[in-house]
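Work through the following exercises with the sequence and the coordinates at hand. Each task is followed by a stepwise solution.

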Amino acid sequence: MDTAAPARTERPRARLVTPTTALRGAEIAAGATLAILFFQEFLQFSLFDPNLWLAYGPIFLGGLGGTIRFILLVIPISVILGFFLGWARISLHRVLVWPVTMFVDFFRGMPPLVLVIFAFLFGDDLIPQAIKDRLLAGIPLRVVSVTAAAFAIAFHSAAYQAEIFRAGFQSVPMGQLEAAQALGMKPWQAMRWVVLPQTFRLSLPPLGNELAVVIKDTSLLAAVAGGEIVSRSQNFAGTLSISGYPVEWLFAIWTAVAISYFAATFTVTRLLLVLERRFHTPGLEAVSI
Amino acid sequence: MIRVEGIHKYFGTLHVLRGISLDVEKGEAVVVIGPSGSGKSTLLRCINLLVEPDEGRVFLEGTQVNRADIRREWVRQQVGMVFQSFNLFTHLTALQNVMLGLTQVKGISKDVAATKARQLLARVGLAAKEHAYPAQLSGGQQQRVAIARALAMDPKAMLFDEPTSALDPEYIREVLDVMTALAREGMTMIVVTHEMGFASSVASRILFMDTGMIIEEGTPDKIFHHPEHERTRSFVDKILR
Amino acid sequence: MTKRLPWNRENRWRWIDTLLAAIVVIGALLYVYELMVGSRGLQVDYIAANYGQYLRAVTVNLYMTTVAFVVGMTVGFFLGWLRTIRSVPVKKVIRDYTALADASSRSPFVRSGMLALTVAWTGVKYLVRRIGDAYVEIIRGTPLFVQILFAWSILVVNFPGLFTNPSSVAFTAGLVALTANTAGYQAEIFRAGLQTVHSGQVEAARALGFSRLGAMRHVILPQALRLIVPPLTNEYIGLFKASTLVFILGVQTEITFVANKNAFAGHVFEIFAIVTGIFLLLTVVLAKVVQALESRFRIPGLGIQQTRSERHRARPAEVP
């Protein structure tokens, strides 16, 4: 017969729906309904006008798809690049630190809109001719330019994420690296088993915030007609009077767009909160950059 | 077993170690005392090559180890180290802390490693805490886990860098007990500490270091009660109060 | 006796390292220069002739930023202060009600009246508080771009007669959106600053004999100000960068020059240099001012672990 198992310290189980979440959800639903009713009554716009959605629906969906595609392109690039940039910034090798610091300071100092426009206008020129001939042969100029603009957003975010990851690395006490070495671990082992797990946990909170900002930044691509939700909605809105649609639809359109972005950022931040809770270990507090 | 000859170390223009020579026999417990800044920690770190000496030679069991062709990781597996600030891996439980060296450095399977880790935790009196995270342990408990973690590698010798200096007074005893037991079992150890009681009862030899040199060495009785050098005397007076 | 640095492996490597780093940096700069300027050479006269235009355009940005910032501050302060109030302290409500009810007559009418009042008052507070929360969440959850277009659409639809020409609509819409935006972010800054100081300090001050007002003035405000000023300055920098977005609506800013590629085709690098120079200069200057302010007023140990980055613009702070 088994003896009683020794008391285990439980890892906090991260439930997706806590009581607080449920309350918040109810509040949001109630608030949203009230707000919509209010707007419909007093400001004369209808979010639920079927005519609106007949005309605008396909454009809205197409725009959503565009935005999602951009998000899926930009986020991985920015996170991976930001991680390695952050790692390089704490390196002892100046050959890594200087160029990276230059890169980070530049891309943080410039407003993202300026970066987007510049990348769009001159991105094509910046790519070396050799790469263009070999990899980008059949692709139209517009696509290359818009992709360059998306990369600009990714680089801009990567610069901020470099700071987040750098703070994450630096928050891992140096002594633990020493201890890992003293055990006989090779540098890459110490990295993999001691430093990185902690960096990851420490970086999660500010990272979630940053990802929400990136999602919002994709709206900047509208400045260069990027084919995401804002530019397509702008196009549609521009044609409203010509097509004889009521001007009140402007409200509904931008409300719909705003709701989409809100939903996206909300989801991302909540998801990361769940991740945070799942990996939480007592003693590892979040770092703030 | 451990021998250093003519070790010099510079940090920038600071001459931290000025020609240290030392010979530690197998099974000996050597205690190093001295004021802060005297280079004691640096000396320890030169032995397991966490710090590379600028001049001089380090020998482990007769083999010179501070050569370019010797793998540092191999040296560090032979000599364990316990730090003043414990340096436990905060994201791992006590058990996982002890196991990590076994699974990743020695390549032992998880089950075997877990069994051995449990034995070691029991040996330092912390069997019940194997699933606790470092943040949930007291300072004395953390340091004992750190000792278990170092012992897991079956080292030939252990280096202790002021192991109790960061502890609240009520926890110092438990750590010193573990170290005393270790010494009685015949572990070769070099301990940097201010704990004179421990030094008197356990050390076979005491070294007094100041400004990077070994000023005097001898039995505990000699160093504490009949020191030869003025500097030794004034330091011992301050410590023994 | 001179102390010579031992010429060992470590120092040799340092020198090679620094050299390589310098090579890489200069090489990258030259490469970009080469790509953008090419064989045309740098036309300094263009810069000399036109930088005035750009500077004037930048002042539009600065003007909008400052106005939006100041107006937003008043709204933001109010919102932030609002959010430091606990929303539904149930136990306190019950206590208040029972105290009130006992103090008044025993009539059941009065009692239920009291209960209704208390509930209603709590309800109102709760509602106002949640609306404030919702406002901040929405501002932070939607892009500034969309907010500007939204503001513009409201103006165009509801107040068509109010503006003489399109550009003033654009200007006003941009200003309104920027104000609303910064108010939301500043609310977070004020909230964090006020909350960090609140606990314990008020108690201690009252225990010493300060009145509420005195405690506010001598204890809370000095600390709160030090906590609030650095993130606020970061917010200003962030707002300035964000204000470039108003060009979308046609407001003449330095970006308009940039976007006019055809008109300035031959002067790519010069434009790039001017615009980059302006922004980097401004951000560096502003950052230095922030640093100077911070060190002048710093109190050791007092500080929220506030986001230093103007990009995140007041994420709810973690208290150290």
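**Exercise 1.** Which residues in helix 11 of chain A meet which residues in helix 5 of chain C?

Solution. The model is a predicted one.
- Step 1: on the chain A side, the residues of helix 11 in contact are A:Leu250, A:Phe251, A:Trp254, A:Thr255, A:Val257, A:Ala258 and A:Tyr261.
- Step 2: on the chain C side, helix 5 contributes C:Val146, C:Leu149, C:Phe150, C:Ser153, C:Ile154, C:Val157 and C:Asn158.

**Exercise 2.** Determine how helix 11 (residues 249–278) of chain A and helix 5 (residues 144–158) of chain C are oriented to each other.

Solution.
- Step 1: the two helices pack at an angle of about 160°, and their axes are 9 Å apart.
- Step 2: angles over 145 degrees count as roughly antiparallel, so helix 11 of chain A is roughly antiparallel to helix 5 of chain C.
- Step 3: the crossing of these two helices is left-handed.

**Exercise 3.** Check the length of helix 4 (residues 110–123) of chain B, and find how its buried residues are arranged.

Solution.
- Step 1: with 14 residues at 1.5 Å a residue, helix 4 of chain B should span 20 Å; its end C-alpha atoms are 20 Å apart, so the two values agree.
- Step 2: buried in helix 4 of chain B are B:Ala113, B:Ala114, B:Ala117, B:Leu120 and B:Leu121.
- Step 3: viewed down the axis of helix 4 of chain B, the buried residues fall within an arc of 130° and therefore line one face of the helix.
- Step 4: B:Asp111 and B:Gln119, on the other side of helix 4 of chain B, are exposed.
- Step 5: the cover over the buried residues of helix 4 includes helix 3 (94–105) and helix 5 (139–151) of chain B.
- Step 6: just after helix 4 of chain B, B:Gly125 has a positive phi of about 85°.

Terms used:
Residues are numbered from 1 along each chain as its sequence is written. Chains are lettered from A and ligands numbered from 1 in the order in which they are written. This is a predicted model: local features need pLDDT of at least 70, side-chain atom pairs count only at pLDDT 80 or more; totals for chains, interfaces and linings use all residues. Side-chain values use heavy atoms; hydrogens and water are left out. Helices (H or I, at least four residues) and strands (E, at least two) are DSSP runs, numbered from the N terminus. The expected span of a helix is 1.5 Å times one less than its number of residues. Buried means under 20% relative accessible area, exposed over 50%, partly exposed in between (1.4 Å probe, protein chains only). The arc is that of the directions from the helix axis to the C-beta atoms. Contact means heavy atoms within 4.5 Å. Axes are lines fitted to C-alpha atoms, for helices over the stretch in contact, and angles run from 0 to 180 degrees between N-to-C directions. Angles under 35 degrees count as roughly parallel, over 145 as roughly antiparallel, 65 to 115 as roughly perpendicular and the rest as oblique. A crossing is left-handed if the near helix is turned anticlockwise from the far one by less than a right angle, and right-handed if clockwise.
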